[in-house]
Amino acid sequence: MAETRLVRVRRGLTLPFLLLVAWEASSRLGLVDPRFLPPIEDVALTAKREIIDNGLTGQLGTSLLRNIAGFLIGCALGVSFGTLVAVTRLGDRLIMPTFNGLKQISLLAWIPLISVWFGFGEQAKVVFVALAAFIPIALNTYDGIKDAPAELIEVGRALRFRPWQRITKIYLPSALPTIATGIHLGLIYSWLATVGAEYFLAVGPGIGGLVIAGRERFDMALVMVGVIVLGLVGFAFNRLAGAAEARLLRWRA
Amino acid sequence: MATYLELSGHKTSANWRRFLSGQFFSLSALLLPVMLIGLWWLASERGWLPEQILPAPAYVLQTGRDMIASGELLYHAAVSLRRVIFGFAIGAVLGLALGIAMGLSPRFEDYAKPTFLAFAQIPTLGWIPLLMLLVGIEETLKIIIIAKGALVPITLNTLSGIRSVPGKYVEVGKALRFSRWQTLRLIVLPGAIPSIFTGIRNGLTHAWTSLVGVELLASSEGLGYLLVWGRQMFWLDTVIIAMIVIGLIGFAMDKGLNGSEVFVQRWKKEGL
Amino acid sequence: MKRAFLSRVAAGLALMLAAAPVTARAEEPLVIHVGYAAIGVDNRPYAEGTSAATARAGEFLEKEFAKDPSIKIEWTFFKGAGPAVNEGFANDQLDFAYQGDLPSLIGRANGLKTKYLLASGARKPLYLAVAKDSGIKSIGDLKGRKIALQRGTNGHLAAIKVLEAHGLKERDVQVVNLDSAGTVAALTSKDIDAAFGDTQLINLAVKSAADVIYTTKGDDPRFGRNAGIIGRQAFIDAHPEITQRVVDAFVKAAQWSSDEPNRAALLELWHKSGTPVPILEEYFKGDTLAYRNSPLIDDLLVSQYKEQAAKSKEFGLIRRDVDLDGWFEPRYLNNAIERFSLQHFWQAYGADGKPVAS
């Protein structure tokens, strides 16, 4: 009894539709305090104001740039680190236990330390974002390489591959699916870290700052606009990550 | 050690080698941390880095001892743990229920999942200012944020776990004329357990991270509060100690979960 | 595959180098990084109530260096107040900053190499506001209640002194660490019972969102908060002439801010921070401009700082003794006063709080 796609889509839209209707109705009928739930109209007007007058797109752009910069650094370092540690027995024995210990420290707990070590400004924020991406990517690269099938390693040995060839022709390709998952996680965490950096490390342009400002001004509409933007970007990143993952897997095959 | 050698009998040398390599392994794991601490000590002795950026390790140790002795560390850790346990429990129950409901009923999934996913896209940190306006900065805020942090991974993993149970098994249940409840208990849930546990593990990690985030923003007690306090007063040793405790608790929770997963798996095998 | 991997690594390294800490170089062009341990309403990059704020709003520094195209001034305002300024100094990201007594003492205690160049924003009052219907009538009532403080700021130290004078320790109250804007929000929504703070609290009272029940203004002068312009020693050593010119600009700003005929214009200038003028009037009521905006490093100031250091250690805010010898550097200030013939413009005070006969 497979439902048609149309039926499923229609079902999926039911709940959001009902919620929007309920929202509009409660605003019109004065059932809710507008400070807690501003009318949809207000939110839309605020969004328009922010985009046109206050450069919302610019703020978003800055956040995204920070995110991408940090992510790329974290990604490059993560793959390198994970590979190095996985292929050398010494690295495995010596470094992994410490890494496993350090990764237990919640990401946000690093903020005060990073703030003191890197001060204010973009540098501290990029470092934080890079850290957020580094951890899952390094971990997944390590796991992926460790799981390389024994036969492939044998083949490498038989063909007398040099270490560099072993890495690029055997380890990395076979680890690609796991690395792809790591990159997916890295993208998500780096977005979280970007927002976190804007909350906790000095004032600067960014979407995170917008949400905080909205809260301080008791402007629920502004907070909602910010949250919606955060959600949209989160969604975009998830899609991007999924597509990147799929592309990487296809490439390998 | 003598007993160990005696018991192994003629395999003495092999066991001895295995024992030593085991010791070597655990010792080598400590090598890097010890080296790093040594480097740290040297750096602070020689003043390579200004002391506000890196306090001497002895100083951190002393502060740690003081904080434990005064009960302060335990107090703040307990406050944070209490919040996490409470919030996580709520998030887990809701997550499991939602995941199971969506897993068992494709129709419910059609209705609920898109909306759920939309809300899930918003990072937990983004919810905090919104909720602050609605519920203030008291305990409620923290519990809700932690619950939300746990909810998403648990729901999604439970759902995928249930979906992953092969159709054949459910067919078997139907052939055996299992009731809905029996199908759930004997076939679906056991099959979904690995996924559910992954979800629970991710949920707990995320709940713990969310807790730190909330406590950094608005709290008067807890480990996140210690981090803020240390940062404001430039007491980097307090910051480092709070970080270590946060890491240790995270580690303990992870280990605890792994242990209970093994336990449940064993019980599951015996059951079937 | 190899090339793709290599290029990815190279790109990563390049970005890593680009993001690496860049130290200011002592050649043209030179950027002078000036910090301010506060921020305006809605994160406006302006402040109020001090001669340093005047220097910013009136562009005194920019005017001083207007003829030097290779020298730029960069102001940064900190939500995180004094503690955040310390982080900036620790990373050599700030050259000069307006900072309160407690955070600058904390910085020095932790080994930050700075010098106190001139006073600014000294003898500021502290205000205590309570949430509506909180039932708190006096400071004694604060026991066990939830109070917002920004830890590590000079307001923090003054608050503790006030509590102590009424028999309370910091442990007797529940402290929530919030910055200025967070305090306003929390007080309005009654998430906290009381808060120590500044003009933002007067603002709340005027809007009837909270009640101000106490101020140190008019109370024991030892409750006053102090602040000043702090300079990074490495910068001062490398650029003594530029330091002198920076101090000159601040002294000119202080002079303008201390002239009574300028009062209306001054408040209007400070209004750039977003605080309404009537609030600023209330903030300065009963004080002469010269009293609050004097840049002098007189005996009163030095003894106040020494006392703050001792008190901080006593309250456990600083964990080792702070040696203030050699920290005060009045040389540049005195040069400026000589050159501008301002020797008798401001009144110096002795350690006992009484004017010193000139």
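Begin by selecting the contact between chain B and chain A, to which chain B gives 40 residues and chain A gives 44 residues; two residues are in contact if their C-beta atoms, placed from the backbone, lie within 7 Å. This is a predicted model, in which local features need pLDDT of at least 70, side-chain atom pairs count only at pLDDT 80 or more, and totals for chains, interfaces and linings use all residues. Residues are numbered from 1 along each chain as its sequence is written, while chains are lettered from A and ligands numbered from 1 in the order in which they are written.

Now colour the helices of chain B that each supply at least two residues to the side touching chain A, among them H2 (12-46), H9 (180-217) and H11 (236-271). Helices (H or I, at least four residues) and strands (E, at least two) are DSSP runs, numbered from the N terminus. Colour that side by class and you will find 28 nonpolar, 9 polar and 3 charged residues. Ala, Val, Leu, Ile, Met, Phe, Trp, Tyr, Cys and Pro count as nonpolar, Asp, Glu, Lys and Arg as charged, and the others, Gly among them, as polar.

Next, show chain B as a whole: it has 11 helices and 0 strands. Its C-alpha trace spans about 75 × 70 × 30 Å along the principal axes.

Select residues 19-26 of chain C, where the pLDDT is below 50. For the complex, the predictor gives an ipTM of 0.86 and a pTM of 0.87.

Conventions: pLDDT = per-residue confidence, 0-100.
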